[in-house]
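Walk me through this structure, one feature after another.

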Amino acid sequence: MLTIRNLTKQFYQRTDEVTVVNNLSLTVKKGQVFGLIGPNGAGKTTTVKLIAGLLFADKGRITIGGFPAGSLEAKRKIGFMNENPQFYYHLKAREVLEFVADLFEIDKELASKKIKALLKEVGLQDAAELAVRKFSKGMHQRLAFAVAQINDPELLILDEPLDGLDPLGRLDFKQMILKLKKSGATIFFSSHILSDVEEICDEVAILHKGRIIAQGAPKALVKSSKQSLEELFVRSIRNEI
Amino acid sequence: MKYKVLWAITLNTFRETLRDKLLYSLVGFAVLVIAASLLAGSVSLGQDARVIQDFSLTAMLVFLLIITYFIGTQLVFKEVERKTIYLVLSKPVSRETFYLGKFFGLCLTILVAGLIMAAMFLIVLYAKTHSVPVAAYFAVGAIILEAWLLTAVSLLFSSFTSPLSSAIYTFGVTLIGHGSATVWLLSQKASPVMRGILEGVYYLFPNLEKFNLRNDVVFNLSPDGTQVGLILLYFVGYTAFLLILGVAVFRKDEF
């Protein structure tokens, strides 16, 4: 579903060239929940933005369902939820979803049904007519999760979806992701919270300084290294430092 | 290009700008200034219609340009700053559709603001003279076209520079654009090197005086079909050039 080959992205800070993603390769199969974990500044968000077509790769390529990332065909296949999602302040929750449905050219009647169902699913049915500027952080996250699903995406990309949520919100959110996983959805998600990744993902990759330093099924990684995922994560990163 | 998507972005931009309190302040103030032209007209000696026309049409142009400077230059910047651009560009929306949607959205806002100001102007003029020359409608149309063209200028600058710089540059283009004739005259008297530079400026910058039909209103001189056609052609050609340039820059932007 998602193939990344030899992906490299560099940024220029004054005169320095910083490699944020370094020759990254990975594959996410259909129906798989793939977690990209790493400390802050590891290159997770940059990778996610490259997949969503918001950044351009310096080297390597990304394909989504056979189409190059950033192409309209690839974008049609994905649902994207960025870190700290923000919406147009002048819109209500329902209007945000209607606007995004228009961007996908979804038929009005079908969109209306989907919007109702999605708002219910993320627990915002009572806030449908509330202006987004009055939303709490948790409500923003929920709305973003609904927005990411408006087109029934073949690949759901979630960047730090549980970041900044209170314990209840995190639990709710995890259950929503697990429900999607059960339904066979393909999910690519980035996080620095290991317990969440361990609980949700079929496969994880540990990213550090733009490179993958360990990859595999969480259980297999724990078994082979004889340490918890947290210990493996910390050791892998310390060894790299 | 998907027109349904373009329309969705245009409408969203229009609604977004309508929420801007600055817009209401500017339109409100413009309407007050135009209404005040009635007083200015009454103290002039037999020139009341002329004063009202001059005063109102200039006020209309100035306020529409202020809207362009302050709202136009912020359009893309705000999207990036608030990260709402992620919401749109991660969807099946091409960069050109997004860019053009922002442009048409602000054009729609300028049109509505312009029509409100024009309505006030026509009411004031009719109240004073009991007639409205046809030339007044053409002058109003030309002012709106000029504001649209400068919207394309401000959007182009805002795709690679800060809102403040963009507003300053757009203001600079306005000044040069209205001083095209002076630039040409200067070029004819300058040294060969300076002449080349000034002629370059003359041809590169938009000649905004083409949109100045305000003096014709006083003498009720309506432009003929050819003049209207040339103004429209100039507007479409120059605006298309600016939009193509802006899209080319915006396509390479990363967020």
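**A guided walk**

Tyr202(B) is partly exposed, with a relative accessible area of 24%. Here buried means under 20% relative accessible area, exposed means over 50%, and partly exposed lies in between, with a 1.4 Å probe and protein chains only. This is a predicted model, in which local features need pLDDT of at least 70, side-chain atom pairs count only at pLDDT 80 or more, and totals for chains, interfaces and linings use all residues. Residues are numbered from 1 along each chain as its sequence is written, chains are lettered from A and ligands numbered from 1 in the order in which they are written, and side-chain values use heavy atoms, with hydrogens and water left out.

Tyr202(B) has an aromatic partner, Trp184(B). A search of the whole structure finds 18 aromatic pairs over all chains. Rings of Phe, Tyr and Trp (its six-membered ring) pair if their centres lie within 6.5 Å; planes under 30 degrees apart are stacked, over 60 edge-to-face, and the rest tilted. The ring centres of Trp184(B) and Tyr202(B) are 4.9 Å apart and the planes are at 45°, so this pair is tilted. Trp184(B) sits in helix H9 (residues 180-189) of chain B and Tyr202(B) in helix H10 (residues 192-204) of chain B, so the pair ties together parts that are 18 residues apart in sequence. Helices (H or I, at least four residues) and strands (E, at least two) are DSSP runs, numbered from the N terminus. Trp184(B) is partly exposed too, with a relative accessible area of 29%.

Other rings of chain B deserve a look. Phe98(B), Tyr99(B), Phe250(B) and Phe255(B) are linked by ring pairs into a cluster. Lys210(B) lies over the face of Tyr234(B), at 5.3 Å from the ring centre. A charge sits over a ring if NZ of Lys or CZ of Arg is within 6 Å of the ring centre and within 35 degrees of the ring normal.

On a 1 Å grid over the protein atoms alone, a cavity is a set of points where a 1.4 Å probe fits but cannot get out; a pocket is an open set with protein on both sides within 12 Å along at least five of seven lines; lining residues have an atom within 4 Å of a point. Grid points are joined across faces, edges and corners, and a volume is the space filled by probe spheres set on the points.

The largest pocket has a volume of about 310 Å³. It is lined by 16 residues, and the closest to its centre are Glu98(A), Phe99(A), Asp102(A), Lys108(A) and Arg15(B). Two or more lining residues come from each of helix H3 (93-103) and helix H4 (108-121) of chain A and helix H1 (3-18) of chain B. H1(B) gives the most, with six residues. By class, the lining has eight nonpolar, two polar and six charged residues. Ala, Val, Leu, Ile, Met, Phe, Trp, Tyr, Cys and Pro count as nonpolar, Asp, Glu, Lys and Arg as charged, and the others, Gly among them, as polar.

How far apart are the end C-alpha atoms of H1(B)? They are 22 Å apart, which agrees with the 22 Å that its 16 residues should span at 1.5 Å a residue. The expected span is 1.5 Å times one less than the number of residues. The buried residues of H1(B) include Val5(B), Leu6(B), Ile9(B) and Phe14(B).

The structure also holds two cavities of 30 Å³ or more. The largest cavity has about 80 Å³ of space. Of its 13 lining residues, the closest to the centre are Phe80(A), Asn82(A), Phe87(A), Val147(A) and Leu87(B). The lining divides into eight nonpolar, three polar and two charged residues. The second largest cavity holds about 30 Å³. Among the residues that line it are Phe87(A), Tyr88(A), Glu16(B) and Arg82(B).

Last, the backbone. Glu105(A) has a positive phi of about 55° although it is not a glycine. Glu105(A) lies in the loop between H3 and H4 of chain A. Glu160(A) also has a positive phi, near 45°. Glu160(A) is buried, with a relative accessible area of 4%, whereas Glu105(A) is partly exposed at 32%.
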